[in-house]
Amino acid sequence: MYRKGSNHGLLWIFAVALLLIVYIKPKDNGATYTSYFKDLNTELKQNGPGKPIVLLDLDRLDSNLKLLKEKIRTPLSYRVVVKSLPSLDLLKYIVNATGSKRLMVFHSGDIIMLLNDPEFQKFDILLGKPMPIAALENIYSKTKKENFQNVQWLVDTSDRAVQYLDFAKKKDLKLKLSLEIDIGLHRGGFSKPEYSLAVLELLQTNPKNLELSGYMGYEPHVASVPVIFGDKISAMEKSLKNSLDTYSNFINLGKEKFPNLFRKELVFNGGGSKTYSFYQKNSGVVNDVSLGSALVKPTDFDVESLEEHSPAVFIATPVLKKLEGTKIPFLESLSFLFPLWNPNQEVTYFIYGGAFSAKKESPKGLDDNSLFGTSTNQSILNGSKATALEPDDHVFFRPTQSEKVMAEMGEIHLVRSGKLIGTWKTFIN
């Protein structure tokens, strides 16, 4: 009886272990190209440069621009976020499509470039972050005085405003200042309305050198509002309303204490790619809405509020080599086990370049090899046979954000109706 019971128990253990192995054994995640990327791959093999490139789908960009124009209408104005769209040609395309003459700029090199460009030097330029006084010195030395004075400089503390005043007096300038206010993000700026009064007083007592141009309140935290039960979009709208109530408190106190500063039309800037679509319904506080990334939709912007938007920017890079299985140096004798356990290691691909700030998009089921590591020269990817790639085919990635990835390769390759139609140069910073 004891032996029979023991055998029965061992069978149960074996069966459970077998089920556990079947459960945890990796599934085949591979798939061939979607039709969209199959056509792009064919086009790139025929007409591409045979190296890693950034692709911009103009049809998808146009679709996103159409959504933008539907969601931002009078009395709201659209401001283009330059850092997210780092190409003069791309900026010109967007301002022509939207009619916007407003830019938000984050980098001193970009400001210098734009203030020296005949098309953009007269645009309404608002800083997206406060600049050290050394940056103002550098920008001033490389631009015309009248263009420099057209910029709305951002101040986040009383000390910075005093620095800017001293600079303006030294250079005999009149600077436009916009106040950065904290409406929930907690990334700096004036955290309470009363804390901004000292700067407003400085502005009022120095009208020869300083002028109030408005406020800037950024609220990307709204897109991360926690939701356990209920609708995410509704939660975001409620969170935005709370932020706008805070924004309104700054404006109301400023008007009460220094009404003369508010007699002209000011810029009350807000927004961002993840929240811009809510402002039309909540207009009344903010009158100037900034966004850029939503127009090309990198993966960091895969959020509920942008579900209607289409990804428009990709990285494409050629497959250089294809090897059967996965062979690891010093583990050659064991390498045959890898694909037996994990079908997603049936094939090894070496691609041109790698370690991109991007996520693999097509074909599905490709992974970095954790034992080999990543390389900016010749990365190794593993996949199952279902990925069906051959040398000279392309692997497609979606950037996590647009500004770094679009700029680092020096140019953007344009796609219209699945065909390459030209290139645009990117900024050099």
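## Backbone geometry

The model is a predicted one. In this model, His186 lies in the loop that runs between β6 (175–180) and α9 (197–205). The phi angle of His186 is near 60°, a positive value in a residue other than glycine. Most residues other than glycine have a negative phi, and most peptide bonds are trans.

Two cis peptide bonds can be described. One joins Thr74 and Pro75, with omega at about 15°; Pro75 sits in the loop between α3 and β2. Another joins Ser362 and Pro363, with omega at about 0°. Pro363 belongs to the loop between β12 (358–362) and β13 (367–368).

## Packing of α3 and α4

The axes of α3 and helix α4 (residues 88–98) come within 10 Å and cross at roughly 40°.

On the α3 side, the contact involves Leu58, Leu61, Asp62, Leu65, Leu68 and Lys69. These meet Leu90, Tyr93, Ile94, Ala97 and Thr98 of α4. By class, the contact of α3 with α4 comprises eight nonpolar residues, one polar and two charged.

## Packing around α8

Helix α8 (residues 158–171) and helix α6 (residues 133–141) have axes that come within 10 Å and cross at roughly 30°. This makes α6 roughly parallel to α8. The crossing of α6 and α8 is right-handed. From α6, the residues in contact are Ile133, Leu136, Glu137 and Tyr140, and from α8 they are Gln163, Tyr164, Phe167, Lys170 and Lys171. Five of the residues in the contact of α6 with α8 are nonpolar, one is polar and three are charged.

Helix α8 also packs with α9, at an angle of about 20° and with the axes 9 Å apart. That angle makes α8 roughly parallel to α9. The crossing of α8 and α9 is right-handed. Ser158, Ala161, Val162 and Leu165 of α8 make the contact with Ala198, Val199 and Leu202 of α9. The contact of α8 with α9 has six nonpolar residues and one polar, and no charged residues.

## Pockets

How much space lies in the largest pocket? The volume of the largest pocket is about 490 Å³. Its lining is made up of 28 residues, and those nearest the centre are Lys83, Phe106, Tyr218, Gly272 and Phe301. In the lining of the largest pocket, nine residues are nonpolar, 11 are polar and eight are charged.

The second largest pocket holds about 180 Å³ of space. It is lined by 13 residues, with Ser77, Tyr78, Thr98, Gly99 and Ser100 nearest its centre. Both α3 (58–71) and β2 (77–81) supply at least two residues each to this lining. The lining of the second largest pocket divides by class into four nonpolar, four polar and five charged residues. Thr98, one of the residues nearest the centre of the second largest pocket, is also among the α4 residues that meet α3.

## The cavity

How many cavities of 30 Å³ or more does the structure hold? There is one cavity of 30 Å³ or more, and the space in the largest cavity is about 70 Å³. Glu180, Ile181, Asp182, Ile183, Leu185, His186, Arg187, Gly188, Met216 and Tyr218 line the largest cavity. Its lining has five nonpolar, two polar and three charged residues.

His186, one of the residues lining the largest cavity, is the residue whose positive phi is near 60°. Tyr218 also lines the largest cavity, and Tyr218 is among the residues nearest the centre of the largest pocket.

Key: Residues are numbered from 1 along each chain as its sequence is written. This is a predicted model: local features need pLDDT of at least 70, side-chain atom pairs count only at pLDDT 80 or more; totals for chains, interfaces and linings use all residues. Side-chain values use heavy atoms; hydrogens and water are left out. On a 1 Å grid over the protein atoms alone, a cavity is a set of points where a 1.4 Å probe fits but cannot get out, and a pocket is an open set with protein on both sides within 12 Å along at least five of seven lines; lining residues have an atom within 4 Å of a point. Grid points are joined across faces, edges and corners, and a volume is the space filled by probe spheres set on the points. Ala, Val, Leu, Ile, Met, Phe, Trp, Tyr, Cys and Pro count as nonpolar, Asp, Glu, Lys and Arg as charged, and the others, Gly among them, as polar. Helices (H or I, at least four residues) and strands (E, at least two) are DSSP runs, numbered from the N terminus. Axes are lines fitted to C-alpha atoms, for helices over the stretch in contact, and angles run from 0 to 180 degrees between N-to-C directions. Angles under 35 degrees count as roughly parallel, over 145 as roughly antiparallel, 65 to 115 as roughly perpendicular and the rest as oblique. A crossing is left-handed if the near helix is turned anticlockwise from the far one by less than a right angle, and right-handed if clockwise. Contact means heavy atoms within 4.5 Å.
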